[in-house]
Amino acid sequence: MAFVSGMGSLVPLLAVCAGYFMVILDVTVINVAVPVIGRELSASLTGIQWITDGYTLVFAGFLLSGGALGDRLGNRRIFCTGVVVFTVSSAACAFAPSAPFLVAARVVEGLGAALIVPGSLALLQQAYPATAARSRAFGVWGSVAGIAASAGPLLGGLLVSTVGWRWVFLINLPVGVVCLVLTLRRVAPSARLTTRPLDWPAQCAVVAAVALLTAALNEAGRRGWSDPAVLAGVGLSVLAATAFVLRERLARFPALPTSLLRSRALGGGAVIGLLFNFGFYGMVFTASLDFQHQRGYSALVTGLALFPAVAMTMFASILSGRLARTTGDRPLVCTGMLLAALGLAGWVAAGAEPAYPLLVVPMMAAGFGTSFALTGSASTVMGAAPPAYSGTASALFNTTRQLGSATGVALGGTLLATATDYGEGLRTSMAIGALAYLTAAGLAWFCVPPKSRRHEAPDAEAHTG
């Protein structure tokens with residue numbers, strides 16, 4: 001009851017998190033359904049890959065554009081537009097008659113996701129202006145992300161083995177409708193900054209940079225890092241990123257002011273998000289391959305085997321949200337990253353072919369530590385951005401996290417594919433993930449502000465415009 005009373009009303013939180021849950025779930029739930037989809041729709045190998053990658057590329061590439069649109073036109077308006085696009089395209093995916101149609105629908109679904117996610121943190125910051133309530137809201141938001149991402153394979157396995165793969169998309173329809181109705185009725189309209197025009201050249205450059213880099217990372221897991229297509233993708237991504245930086249220096253109304261990136265809290269928080277997503281999703285991906293290919297687990301059993309990590313994400317973010325008012329964000333982020341590093345180090349220390357029970361505690365530590373640090377990282381990034389750039393700051397944080405996930409999966413896949421011994425490749429992947437967590441812990445000590453007046457300030461009035 002204290003949680004409810006402290007947050008006033010849970011309806012805005014439920015509305016925002018419902019939309020966010022759909023987006024993150026669709027990143028992972030599709031993985032176990034793709035083989036069945038490929039058989040039923042007679043899809044080629046390239047078509048099967050694009051069913052997954054088309055969504056990811058558009059989602060990651062357009063996040064900053066979604067954040068900029070939210071700041072200019074109102075975060076609630078763009079969030080609701082994204083929910084509509086996502087829900088309608090999910091219905092199109094469910095009734096897709098062919099593989100090309102499904103790929104096109106997944107691309108549109110990714111665009112809807114890119115409009116939803118940046119507004120999620122901005123709307124929570126608007127709906128819960130009190131520091132303690134906002135920390136708890138961010139905690140729930142972080143917990144939803146962990147649950148959706150980790151539970152995807154389990155839910156996908158259940159649906160595919162019972163009612164069929166089309167229900168992987170159909171489940172989004174009622175969630176999307178409820179999310180839209182609750183948001184329109186119970187979330188206040190957001191302020192709009194129509195005087196600031198969109199910097200379209202910069203938006204095109206950042207879309208190209210993120211999409212090309214994500215595509216290159218996806219292909220690196222299959223082709224290897226030295227493949228010409230992978231190297232070309234990385235090179236073109238660097239050129240696009242350079243063009244973006246040059247444009248931002250010259251633009252009168254930049255999409256992402258360089259002064260924001262120079263902020264130690266905002267820039268550092270974004271890099272921390274990249275590092276812990278790298279470690280966590282690299283672990284989930286390589287563990288899934290180990291359970292299915294080496295141990296012979298089914299997709300459903302693999303989902304159950306990963307449940308210890310999921311179980312920890314269910315309350316770690318909420319717990320850190322409750323503690324933030326007392327401790328500040330820095331101790332929570334550092335503690336979470338160190339605990340996650342110990343978890344992956346424990347996996348390495350368990351040996352080349354450890355029995356599953358020996359992996360339960362390491363997975364629990366990694367899941368708990370990642371989720372425990374997410375709340376403080378999100379709070380740090382959002383607290384460092386001025387209100388006029390709340391959507392952009394949220395988009396930056398989530399973009400770097402998506403790139404971290406893609407990098408972790410790509411590197412894990414490459415290590416498993418190129419290692420002479422599968423177990424050694426798996427342990428190397430876990431060791432690199434542990435190093436990423438340790439790096440994030442050190443970065444948090446320097447970039448995440450200690451407990452200050454921001455945590456002790458009296459409750460402020462919401463600015464809804």
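The axes of helix α17 (residues 329-349) and helix α18 (residues 357-384) come within 7 Å and cross at roughly 155°, where axes are lines fitted to C-alpha atoms, for helices over the stretch in contact, and angles run from 0 to 180 degrees between N-to-C directions. The two helices α17 and α18 are therefore roughly antiparallel to each other, a term for angles over 145 degrees. The residues of the contact between α17 and α18 divide into 15 nonpolar, 10 polar and 1 charged, with Asp, Glu, Lys and Arg counted as charged, Ala, Val, Leu, Ile, Met, Phe, Trp, Tyr, Cys and Pro as nonpolar, and the others, Gly among them, as polar.

This is a predicted model, in which local features need pLDDT of at least 70 and side-chain atom pairs count only at pLDDT 80 or more, while totals for chains, interfaces and linings use all residues. Residues are numbered from 1 along each chain as its sequence is written, and side-chain values use heavy atoms, with hydrogens and water left out.

The secondary structure of the protein comes to 21 helices and 0 strands, which are DSSP runs (helices H or I, at least four residues; strands E, at least two) numbered from the N terminus. Along its principal axes the C-alpha trace spans about 55 × 45 × 45 Å.

The protein averages a pLDDT of 82, and 92% of the residues score at least 70; pLDDT is the predictor's confidence in each residue, from 0 to 100.

Methods
Angles under 35 degrees count as roughly parallel, over 145 as roughly antiparallel, 65 to 115 as roughly perpendicular and the rest as oblique.
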